[in-house]
Amino acid sequence: EIHIKEPIEKEVNPHLLPGELLLCEASMVYKYIQEDGSNRGTYGKLVCTNFKIAFLDDDSASDDNEPQLKNKIVGENDITLQCVDQIYGVYDEKKKLLTGQLRKYPEKLIIYCKDLRVFHFCLRYTKEEEVKRIVSGIVHHSQTPKLLKRLFLFSYASAAPNNTDGRNETVMFDTLEDWRDELERTKGNVKYKAVAINEGYRVSEKLPLYFVVPICVSEENILKYEGRGIPIWCWSCHNGAALLKMSAFPKEQDDSTSQTQKAFLDGIYKTISNAPYELLKTDDLSSSLPSLQDIQTAYTRFKQLFLIDNSTDFWATDVKWFSLLESTNWLEIIRRVLKKAIEVAEVLERQHTNVLLIEESATDLCCVISTLVQVMMDSYSRTKTGFQSLIQKEWVVGGHGFLDRCNHLHKSDKEEAPVFLLLLNCVWQLVQQYPPAFEFTETYLTVLSDSLYVPIFSTFFFNSQHQKDTVRSGESLKTQSGPFRFLTVWDWSVQFDPKAQAFLNNPLYLVLASLHKSQRKTARFKHQRQLSLPLTQTKSSTKRGFFREETDHFIKNILGRRIGKFINSSDEPPNSFREFYDSWHSKPVDYHGLLLPRIDGPEIKVWAQRYLRWIPEAQLHGGGTIATATKILDLMEEVQSLQVKMDKEHSQAVSGDVHSVTLLRNSARLSSLFPFALLQRHTIKPALPTSTWKDLEDEDDLVKRDDEFVDLSGDMP
């Protein structure tokens, strides 16, 4: 049976931003509401602009179906061109990846997005000419290589009115004064200096205009190798120890060049190891952490678990959830990165020793580790303004290649790697382990990850400050109406109204630990996909095992001998690290002080909100951390409203009509998908395949046999 909503008679036109142009459109396109076999959906118009792909129907304007976190730039049925991951066509029930020129046009279009949404469009009822135009247009504008100046970022910047103030509390680190203020804030100005030697990019196009180096480093040394081999300051600890980073020399050099460079480095090390500087410890991240290729491979496998075509696929993978999750290696990479950050924090905090992070460009894993160390050790970095300033300092101005790593121009898959996304996943582990320590919420991190693909902000669309400045100065000559200016992603009012922005702020920031612990206890629901592995290949010491007796019992009886080999494997960290780690975790948490993430076994979890928010089958009815936070927000609003009333009546008792103060959100419509979507009431749990039922019913058989490895790359996008 096909449930069809009658086509709408009235014309629906897309809402276009300044500089946005309609490129192609198709009417009578049928969008499936959910792929559960019932074919429920709605007719509408599919359009493609130079900014987005959008589906328009009469429900688009319905307030009842709008998510609470409504984005003013990207609607619920909008996909920015940079957010498109892969496009598949369905020909006679077979899926085929669409790229380049098409000889035959599909009857159905499936669009997989980088924010893990999946859209299914049926084109059977659409005119043939319109099908050709819309499919060719979407594939061409979202999948083919393009020039930087063809990004919508430039069209919007030249056409949008310059009415935003453009400056907020976030420190942009684009002036010498910003760096000097940061040195003063961290008490690093005694041993380190902000330099302007790179003005006009005369040292290197990869370095920012202004940066900080040890006072003893001369300008001559900085100029010698275009900034390579120079320790660049990131942050100073309260005890004077500093975190530094350095761009390494290329490994493949002739002997004489290598000897000269080695002598240069020895001189630098000797200079910054003398008083007043602390001892120096170097860490080559390219050898101690996974490569960018490993990170990309792991994430590509990991995201397939969440790009679900239909309900049947979801329940089929649920049986092998742990095996599939472990085989991706994504959680293990997160654990290794967090462990490395703890090691660096231990050297700074306990050993009072400077740490120099070394990487070929110092703009990838250096950014991840330096940011995590500062989030763990500096409570200012756990405020919203502090965290945004930190991202500006280490990533945007620090020269992380967002354009290449996110592959915004579709030029080279070889350069693509989700390095910034890896950082956000690591920060999320800390946020969910220590909620009161952070001024921002997991929703803030989710929205920030979505903003990677919104090309009206310049923040995540350049490889370096030099590239941005060069393009901006070139475009300014062409623009007649004043200076050419880009928006920054940190102005959240561009995307969200004040009511929606409330979801980005943590109402429990700095509350007592007792409340924090009670909030972490979640109720058991009928079905809840467990978001951490029951056991990873690395374990804690046998004396302080992180499994309790009941967990051991569970392993022996349910999982049998299959994973016994993991229990016996050991990859013990050094004793000093373990002692530091265990000692810190044995004491009460100071939310203003040092924070160390728990990294043993199941403590590393899947970021549920980001990865499961579009999957109705995975929702917790009336639950989820954001639903809990919403209740607290409502209570706070009510208390504040009552306070205002009391002030007006000169501290006299209020008459008592509490319900008129504020309209509480209907909890019956909340789920863990909130605030990105309301409760999915129309979801139908499909009949499980016979083979799956057999697996579920015959538990003994499931215990005895090994998990089959499913190669996701072949069957799924």
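The protein exposes about 33,700 Å², and carbon and sulfur atoms supply 51% of that area. The model is a predicted one. Of the 717 residues in the protein, 54% are buried. Its secondary structure comes to 26 helices and 14 strands.

Helix α11 covers residues 365-377 and helix α14 covers residues 419-433; their axes come within 10 Å and cross at roughly 20 degrees. Angles under 35 degrees count as roughly parallel, so α11 is roughly parallel to α14. The crossing of the two helices is right-handed. On the α11 side the contact involves V368, T371, L372, V375 and M376, and these meet V419, L423, C426, V427 and L430 of α14. By residue class, the contact of α11 with α14 holds nine nonpolar residues, one polar residue and no charged ones.

The second pair is α7 with α9. Helix α7 (residues 292-304) packs against helix α9 (residues 321-328) at an angle of about 160 degrees, and the axes are 8 Å apart. An angle over 145 degrees counts as roughly antiparallel, and α7 is therefore roughly antiparallel to α9. From α7 the contact takes A298, R301 and F302, while α9 provides L325, S327 and T328. The residues of the contact of α7 with α9 divide into three nonpolar, two polar and one charged.

The backbone also deserves a look. Most residues other than glycine have a negative phi. M28 has a phi near 55 degrees, a positive value in a residue other than glycine. This methionine is placed in strand β1, which spans residues 22-32. M28 has a relative accessible area of 34%, so M28 counts as partly exposed.

D92 is another residue other than glycine with a positive phi, here near 50 degrees. Where M28 sits in strand β1, D92 lies in the loop between β5 (84-91) and β6 (94-97). The relative accessibility of D92 is 58%, and exposed means over 50%, so D92 counts as exposed.

Note on methods: Residues are numbered from 1 along each chain as its sequence is written. This is a predicted model: local features need pLDDT of at least 70, side-chain atom pairs count only at pLDDT 80 or more; totals for chains, interfaces and linings use all residues. Side-chain values use heavy atoms; hydrogens and water are left out. Axes are lines fitted to C-alpha atoms, for helices over the stretch in contact, and angles run from 0 to 180 degrees between N-to-C directions. Helices (H or I, at least four residues) and strands (E, at least two) are DSSP runs, numbered from the N terminus. Angles under 35 degrees count as roughly parallel, over 145 as roughly antiparallel, 65 to 115 as roughly perpendicular and the rest as oblique. A crossing is left-handed if the near helix is turned anticlockwise from the far one by less than a right angle, and right-handed if clockwise. Contact means heavy atoms within 4.5 Å. Ala, Val, Leu, Ile, Met, Phe, Trp, Tyr, Cys and Pro count as nonpolar, Asp, Glu, Lys and Arg as charged, and the others, Gly among them, as polar. Buried means under 20% relative accessible area, exposed over 50%, partly exposed in between (1.4 Å probe, protein chains only). Accessible areas come from the Shrake-Rupley method with a 1.4 Å probe; for residues, only the protein chains shown count as cover.
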